[in-house]
Amino acid sequence: MKILMVCLGNICRSPLAEGVMQHLADKNGLNWTVDSAGTGNWHVGEAPDHRSIRTALNRGVDISKQVCKQFTVNDFDEFDLIMVMDKFNLRDVLAKARNQADRDKVRLLLGNAEVPDPYYDDSKFETVYDMVEQGCRDIIKEFTGIELKK
Ligand code: 4NP
């Protein structure tokens, strides 16, 4: 399965989601490929935000080699599942969908809840990490039936 994680800037939330999901998939023998993108283009070519890099490293996940890119319509062909962090991302990604098959690939990582944007609040990164990790665990459970241990 190929999964794309999407947020606004692709430097804070979706890099964490990419890193955590790939880490959990690899650790559990799942042949999944995970990538991430932003709906905006401000940070294209950059590494993730240093606060996301540090938060992930503290939990044993290295996201420092990721490179920011912008979401494009081709991603609907490239990926099986497109997971967005909040309702703005949902709106922006759905606006690029060409048909129902595209739309069916898109959903919020947390079901109905949103992963808040931590960009302007250093204290939010730990919470965001925990939310993203729970979302990834739930996705693995849904698609494989595997309930991961803490
Ligand atoms: P992200 O956070 O969507 O989680 O990557 C943001 C990063 C940068 C900006 C906005 C949100 N920005 O406006 O530059």
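This is a predicted model: local features need pLDDT of at least 70, side-chain atom pairs count only at pLDDT 80 or more; totals for chains, interfaces and linings use all residues.
Trainee: Which residues surround the ligand?
Mentor: Cys7, Leu8, Gly9, Asn10, Ile11, Cys12, Arg13, His43, Asp117 and Tyr119. Being near takes a heavy atom within 4 Å. Residues are numbered from 1 along each chain as its sequence is written. Local features need pLDDT of at least 70 and side-chain atom pairs 80 or more, while totals for chains, interfaces and linings use all residues, and side-chain values use heavy atoms, without hydrogens and water.

Trainee: How does that shell divide?
Mentor: Five nonpolar, three polar and two charged. Gly counts as polar, Cys and Tyr as nonpolar.

Trainee: What does the backbone of Gly9 do?
Mentor: An N or O atom there lies 2.8 Å from a ligand oxygen. For Leu8 the distance is 3.0 Å, and for Asn10 3.2 Å.

Trainee: How much of the ligand does the protein bury?
Mentor: 91% of the 350 Å² that the ligand exposes alone. Areas are Shrake-Rupley, with a 1.4 Å probe.

Trainee: New topic. What does UniProt place at residues 1-142?
Mentor: The unreviewed entry gives "domain: Phosphotyrosine protein phosphatase I". Such annotations may be inferred rather than shown by experiment.

Methods:
A polar contact is a pair of N or O atoms within 3.5 Å; within protein, one must be able to donate a hydrogen and the other to accept it, and residues adjacent in sequence count only if both atoms are side-chain atoms.
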